[in-house]
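Please look through the structure below before reading on.

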Amino acid sequence: MGSLPFTTSDLQTSTSGVWSSPTLLCTPLMGTTVDQMLIEMRKAKEIGADIVEIRLDCLRNFNPRQDLEILIKQSPLPTLVTYRPIWEGGQYEGDENKRQDALRLAMEFGASYIDVELEVAHDFNMSISGKKPDNFKVIVSSHNFHNTPSSEAIGNLVARIQATGADIVKIATTALDITDCARIFQIMVHSQIPTIGIVMGERGLISRLLGPKYGGYLTYGALEAGAISAPGQPTAKDLLELYNFRLINPDTKIYGIIGKPVGHSKSPLLFNASFKSVGLNAIYLHFLVDDVAKFFNTYSTPDFGGCSCTIPHKEAALKCMDDIDPIAKKIGAINNICRRPDGKLYAFNTDYIGAISAIEDGLRELNGKAPGGTESPLAGKLFIVLGAGGAGKSLAYGGAQKGARVVVANRTFERAKELADKVGGKAMTLEEVEHFHPEEGMVLANTTSVGMKPKIDETPLPKHALKHYCLVFDAIYTPKDTRLLREAKETGAVIVYGTEMLIRQGFEQYKNFTGLPAPEELFRQLMEKHA
């Protein structure tokens, strides 16, 4: 069954949930000795977790009475005790009665929660009936390591879990597609008792981050990246510091970057810090998307305010848009999508604005003028664009729009000519550029990958040819200081870094998302520190 789009009523329920306490952050302890676990507990408290999960099945030599008393009584945080058997994805292979005895013991020693599997929950709950301490809760869990079933099947599963006498429902499924998370969000929003809904795997990451939006009882955050207790689990530190977990609530607007792969993107770092700095109730996530159309159809409520778009989706996403900025349409690629209040998707290409505005300010500096301004210093300039791919198109169209005389050079002449014709410019091959200098003071923009890591000693144009240019821009930002830019600087040209295009296109996206000017200083500091 496909993923149903959210309805507005789903989201309204989330605002007036049955219990409105904030989603708790639980850190699993994976130590193999009691001493290790005691150290991990203290670390979890320092990081800012609310609860620790004691995974008894990780302990090498487990002595129930002695170890449980130490772990529970010495924990600086409330404890959730889990003794996961091999048949439910854990490590315990021993006697079932002994396993359940240990869980009952945990209850007696003062654990706040225990997690017991659906298969045995009914009998287990019968065995502790009437003996439960006041503030003690039983989580009844079901784990599916294959897929995420239909909404109907998940609904039936919740009913089965509730029927065992569970205090808290826990459902963990596996994401085959990011849209699988929507079915778990629906369950959390509509559930009548506290529910933990987790979709495992990298495609399920948003289910772990958006618990506070959809009323999840708790989410899991690992102590460190190597110590995850289930696939796709983020670290507690990232939840709190990168994604501002404590600031997310039912009214939080959701933004993100769609791509494949996408985990390496630094955009969440920039946007989340910026949203936080101005007190905007919004979050920016990594969206690992396989099928763009399915993604937009599933997450179609106004809560999903828009996204940045990276490879391989810049062209595919075009087909899903209701409206496209005229220049973005000509370029044939988009990187910024906003959902308007009427639900329609409007797309922009901020790459060209980022690059062109950086080049314009470089030229203004050369002419002794202040940055910004209405007249473009590119007007009338001979503007040579190397490369006719996505970035080449952005610069060629952007330059033409500002009144520059555009020349497109590409390895294959046909591709150069196709783009040059569209922008009313000239075309040539890359080889010809070296000896092309009908005038002095030309402007050069490299959008090819020549000079990019790892081949950092290459350059698209020999140094002697650079003396005819007054400004040189390189779209490459790994490394920041390419050989092309170093040599251009030595010949006396003004240089503009690729990182400048990156930062400025980010400013533009921020403005499109929020209607506010970007906190430019903060963006620059973060880029300097992390990129």
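A residue is called buried when its relative accessible area is under 20%, exposed when that area is over 50%, and partly exposed in between, using a 1.4 Å probe and protein chains only. The model is predicted: local features need pLDDT of at least 70, side-chain atom pairs count only at pLDDT 80 or more, and totals for chains, interfaces and linings use all residues. Residues are numbered from 1 along each chain as its sequence is written, and side-chain values use heavy atoms, with hydrogens and water left out.

The protein chain has 531 residues, of which 56% are buried. Its C-alpha trace spans about 90 × 45 × 40 Å along the principal axes. The chain contains 20 helices and 20 strands; these are DSSP runs numbered from the N terminus, helices being H or I with at least four residues and strands E with at least two. Among contacts (heavy atoms within 4.5 Å) with a separation of 6 or more, 68% join residues 24 or more positions apart.

A nonpolar core is a set of buried Ala, Val, Leu, Ile, Met, Phe, Trp, Tyr and Cys residues joined through side-chain atoms within 4.5 Å. The largest one has 90 residues, and V81 and I337 touch the most other members. Helix α7, residues 180-190, gives the most to this core, with 7 residues. Beyond its neighbours within four places in sequence, V81 has contacts that include I54, L68, Y113 and D115. A second, separate core holds 32 residues, among them A355 and L419.

Which residues line the largest cavity? They are I254, Y255, F287, F295, F296, Y299, F304, G306, C307, R339 and L345. A cavity is a set of points, on a 1 Å grid over the protein atoms alone, where a 1.4 Å probe fits but cannot get out, and lining residues have an atom within 4 Å of a point. Strand β11 provides the largest share of this lining, 3 residues.

C26 is buried, with a relative accessible area of 0%, and C181 counts as buried at 0% relative accessibility. The count of disulfides comes to 0.

Note on methods:
1 Å grid on protein atoms, 1.4 Å probe; cavity = no way out; pocket = protein on both sides within 12 Å on 5 of 7 lines; lining within 4 Å. Disulfide = S-S within 2.5 Å.
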